[in-house]
Amino acid sequence: MYREISPGVVNTQYWHPIDDKRIQCDLCPHFCQLKEGQRGLCFIRANQNAKVVLTSYGRSSGFCVDPIEKKPLNHFFPGSSIFSFGTAGCNLSCKFCQNWDMSKSREMDILAARAGPEELAKTALQRGCRSMAYTYNDPVIFLEYAVDVAQACAEVGVHSVAVSAAYINSPAREDFFRYMQAANIDLKAFSETFYRRLTGGHLQVVLDSLEYLVKETQIWLELTCLLIPGENDTDAELEAMTQWIVEHLGNHIPIHFTAFHPAWKMIDKPRTPLATLQKARNIALAGGLLYAYTGNVRDITGSTTWCTHCNRALIVRDGYSIVHNHLTSQSCCPYCGTQCAGIFS
């Protein structure tokens, strides 16, 4: 457990000095070089007394009890409740950020509510939540806080779910994900140009994190791709993304194609048509993925989990609500016996 050196502030370990006046944060690939008193791009990691500290420990920007399908996770205890929280700040600069009022706001850091790790874990348990979601902004930037919350959750039997863009370096990546049981990772596009121009990051870092999660951990993984008209929704890009996922992660990894709405610095872009999401889902399924979903829209077909063998409906959803769950107690199709990938009750 990290110890606060002042309210909301804890020392961190992923940094090193680079000269007499600056130190470098090594948590993520931005490698921010900070003078005394300066904050990194993420806003919540700063140089204080020649050390990189986290300034948002125990200070959450919001809490909510959600259906786990809202994260979105469709194959990790579907129908269960999840307790969601986050902090201020983010280490990507997505011009289309859908949570910009939290991740980009500096005032939100001032208004953050006090919430210690044990308090969060106990509250989740009291509210009947099976899991805790580290979300809203990107939890990798509040690693120390997230790790302590996850350990507190483990002690009371609450699972931890990371909702992240996975823009983080090794070994910090291993430290953060060591305490997670599931993750939804935002694969924002399959183009380095998109990542550089619209997020300020690099695609390969995210791909490396995804391969790490599949090959080096037991974490249940699902992906989300927010489709922005004219930016990342071409057939060629969706086909290339699908092929990479099948070859490098496996055909059982679910992907959620979600609808963009105008926000932050991309208010000139139109909302994503349902037809675009349905096209992306069809491309993913035709390319070999077993589970593909549409999101942020009402589309019962696109939100239903289908048997990969006989194509019958296994879990029927309307929005975030489960209408029917036909899975057997062994998580199999009741009609043909085919196993459904995931972690179920």
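Here are a few friendly questions and answers about a predicted model.

Q: Why is Arg59 called buried?
A: Arg59 has a relative accessible area of 19%, and buried means under 20%, so Arg59 is buried. You will find Arg59 in strand β8, which covers residues 59-60.

Q: What makes the pair formed by the side chain of Arg59 and the backbone oxygen of Thr55 a polar contact?
A: A polar atom of the Arg59 side chain lies 3.1 Å from the backbone oxygen of Thr55. The cut-off for a polar contact is within 3.5 Å, so the pair counts as one.

Q: Which residues make the contact between α8 and α9?
A: From α8 come Asp235, Leu238, Glu239 and Thr242, and from α9 come Lys279, Ala280, Ile283 and Ala284. By class, this contact has four nonpolar, one polar and three charged residues.

Q: How do you know whether Val323 is buried, partly exposed or exposed?
A: Val323 has a relative accessibility of 46%. Buried means under 20% and exposed over 50%, so Val323 falls in between and counts as partly exposed. Val323 lies in strand β20 (residues 321-325). Leaving aside residues up to four places away in sequence, Val323 touches Val316, Arg317 and Asp318.

Note on methods
Residues are numbered from 1 along each chain as its sequence is written. This is a predicted model: local features need pLDDT of at least 70, side-chain atom pairs count only at pLDDT 80 or more; totals for chains, interfaces and linings use all residues. Side-chain values use heavy atoms; hydrogens and water are left out. Helices (H or I, at least four residues) and strands (E, at least two) are DSSP runs, numbered from the N terminus. Buried means under 20% relative accessible area, exposed over 50%, partly exposed in between (1.4 Å probe, protein chains only). A polar contact is a pair of N or O atoms within 3.5 Å; within protein, one must be able to donate a hydrogen and the other to accept it, and residues adjacent in sequence count only if both atoms are side-chain atoms. Contact means heavy atoms within 4.5 Å. Ala, Val, Leu, Ile, Met, Phe, Trp, Tyr, Cys and Pro count as nonpolar, Asp, Glu, Lys and Arg as charged, and the others, Gly among them, as polar.
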